[in-house]
Amino acid sequence: MPAKTILDYLKKHGGRPQEQIKSVKEKEEHREKQASREKIVSSRRKPEWKIKIWDLRGNILVIAEKPKAASKIAYALSSRFMRNRWKGIPYYTIRSNGANIIIASAAGHLYGLYTDKRGYPIFQYEWKPLYIIDQTAKHTKKFIELLEKLSRNADYYVNACDYDIEGSVIGYLIIKFMGDPDRAYRVKYSSLTPAELKQAFRELTGLDYEMIEAGLCRHELDWIWGINISRALMDAVRKTSGKRTILSAGRVQTPTLKHVVDHEIERNLFIPLPLFIPDVTIIKNGEKIHLEYISGSLETRRKAEEIIKSIKKDGYLTVTEYTEKTICLNPPPAFNLGDLQEEAARIYGFSPYKTQKIAEKLYLDALISYPRTNSQKLPPTLNYRGIMEKLAGIDRYGSLIDRLLRETRGILQPVQGKKDDPAHPAIYPTGLKPGKLSSDEWKIYDLIVRRFLAAFAEKASLIQQQARFMTREGYEFRVSGQRIGKLGWLYYYYFSKPKEKSIPVFIKGEHVPIKTARLRRTYTRPPERLTKIKILRWMERVEIGTEATRARIIELLFRRGYLEAKGGKVNATDLGLGIIEVLTKYFPQITSVEMTRYFEAKMEAIRYGRAEREEVVEEARQTIVKLLQEFDRVKDKIGYLLSIRLGYISPHRKCLVCSREEYRLGLCYYHYMALEKIREAYNEWNRREETTFEKFISSIKKLRSTGKWITEIVGNDEVLAKL
DNA sequence: GCAAGGTC
């Protein structure tokens, strides 16, 4: 029989062709197979139905999401597995009476959405191997080839990818293109520990079509929104300027860009307002001590002057309270990726992307557990003592671990954080001795080890002192200090050690002489400048993107020229501002984090049978078509604006202050807004401290915290005359 | 070439 016919037959019926089944035993097995196939079909309606992998006969192909997972599954299922390699890619085989279990893996997504059509609107796409679509995904070719080879002889397939929506899609597409979904099962596990895996493989179900459909839908929605809007933007620029430039928009990147742009606008339009602080120093034990006014600062000069006068009249302050209290500092939980990225940025100034890259390398070297996790919890099944003993073999940690084992008396119970992750635990060191690491790699590894150790250590304590003072007229002041009581976990993770500063002991009722009492003028502060890690933390907070993609998407915004960095601080560029102007007007949906919420709601509806993928995609298609029609009507205008921001053309009428196009009064949109802001701010400034307009202008001109666009306006006499 | 999502 020619191979193709056999393949067709297998696809249709499963198992091997009838004539090849000879022995009675084999015939029985064949019947069993047929029976379990019936069960799969019925399992689509009855998801509670379960089968053990050990009840299957013939060749069973188990597909993991990544090589590491495949290895763990092999270990968990049998102590007598065989490790094989094909073109360098490992796979495992287990023989057990009548069954041949083959465990192989994908490497994340092996397929992606693709179209060969140009232009927009575009809604024709299909799944294609990633190595064909994407030059940087060449490594996926070998994985596909091996899975293809193994699929040919498979009687059954088990999708053993991570138990989440993407895992369901990854496994499904492999089985769909290489095997047969009707002879496929799903295994569901939430950690890769042997005990859990063993149990999970005794509870196979049919394919989880609801999850698969939800996942496919997410891919399609992201594709049609992202590709269509990106193409529309690029086309507008090309039509106006003749230049081909890569522009893009997407469900995650665009709200992230908007967040930075909003922040940029707020900072650039910031006008500092005066604040008045009664600045008081006292003398105690010959030491000069600076006191803080209880409510920080005052808005008006008059009130502040009144307080100063009252203090000076008294000449002393009365101590109303002196307290010393011990604050308990709990150890921090082991890292999830975001926490690691934050600490690496705080301590070493690493970008989130750099930290992630290093963590991924450490993971591939088997030095740490899976880093793309949101979990702050360590699994109770982990052999903590074993890991510690191995870590003790690394020079720099030997004495640290001796101390920890002594302090804990060998009782190793880590603190657990609140955040969890369905597929992976918090990041921990495996204990394997590092080979040659670069100094940056050591820094990340060291953070992970120390944070892991700290999770087992004792609480630390902080002794906080506070003294409160009052004038005769009832104005209150205070001063505080702190020192470390017990070092506890801070010994292991010393990066969190608080600054120590002591104050003398005061006695209630005591009169303390005033050394100086002056009025100090300060100004309100602009919002802090953004950094990459702050952007990433914001993405986490509003729940867009994933552990694997957030840092990457931030870097993408830089590559597109939407953002730029100076000394670690992030700014939106003119192009970034322009993209957000255009998208807010013509595709407002994609600029909001609500789009992710909407996708999630639709995906949930699909998972619970309340919606179908096709109708959800169709609805999005209609929305996008309509928006694109609107866009096309003003395409020239948009192309004009973006081409100016890209520096491809100069505007017909330029802003008096910058190179952007005029909006009103000879100013661009942003400088016009600055003009309006200056008008408003003068009224408030005058309320706080009576002043002339000229004085106000010369003050904000000198202040460094004054926003860029404001400074540009007040620095331009011609424009200033308009006020 | 364009998204977001996996992982090498």
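Predicted model: local features only at pLDDT ≥ 70, side-chain atom pairs only at ≥ 80, totals over all residues.

Reader: Let's begin with strand β1, residues 58-64. What makes it largely enclosed?

Author: Buried means under 20% relative accessible area. In β1, 6 of the 7 residues are buried, so the strand is largely enclosed by the rest of the structure.

Reader: Which strands does β1 pair with, and how do you know that they pair?

Author: Pairing needs at least two bridges. β1 has 7 bridges to strand β4 (residues 99-105), in the parallel sense, and 5 bridges to strand β7 (residues 156-160), also parallel. To find the spots by eye, look for Gly58 opposite Ala99 in β4 and Val62 opposite Val158 in β7.

Reader: Why is the link between Lys141 and Glu145 called a salt bridge?

Author: The cut-off is 4 Å between a side-chain nitrogen of Lys or Arg and a carboxyl oxygen of Asp or Glu. Here N to O is 3.6 Å, so the pair counts as a salt bridge. Both residues sit in helix α5 (residues 140-152), 4 residues apart, about one turn of the helix.

Reader: And why is Lys141 called partly exposed?

Author: Its relative accessibility is 37%.

Reader: What about Arg613 and Glu614: buried or partly exposed?

Author: One of each! Arg613 has 17%, under the 20% limit, so Arg613 is buried. Glu614 has 48% and counts as partly exposed. The two form a salt bridge, with their closest N and O atoms 3.7 Å apart.

Reader: What makes the salt bridge of Arg468 and Glu321 a link between distant parts of the chain?

Author: The closest N and O atoms are 3.8 Å apart.

Reader: How do you know that domain 1 and domain 4 touch, and how much area is buried between them?

Author: Their C-alpha centres lie 30 Å apart, and the contact takes 7 residues from domain 1 and 8 residues from domain 4. About 630 Å² is buried between them, 52% of it from carbon and sulfur atoms. On the domain 1 side, Lys66, Lys68 and Ser190 lose the most area, together 55% of what that side buries.

Reader: What polar links cross that interface?

Author: There are 2 residue pairs in polar contact, and the salt bridge count between these domains is 0.

Terms used. Residues numbered from 1 in each chain as written. Chains lettered and ligands numbered in written order. Heavy atoms only, no water. Buried < 20%, exposed > 50% of the residue type's maximum accessible area, 1.4 Å probe, protein only. Helix = DSSP H or I, 4+ residues; strand = E, 2+ residues; numbered from the N terminus. Domains from an automatic or database assignment. Contact = heavy atoms within 4.5 Å. Buried area = accessible area lost by both parts, 1.4 Å probe. Polar contact = N/O pair within 3.5 Å; in protein donor to acceptor, adjacent residues only side chain to side chain.
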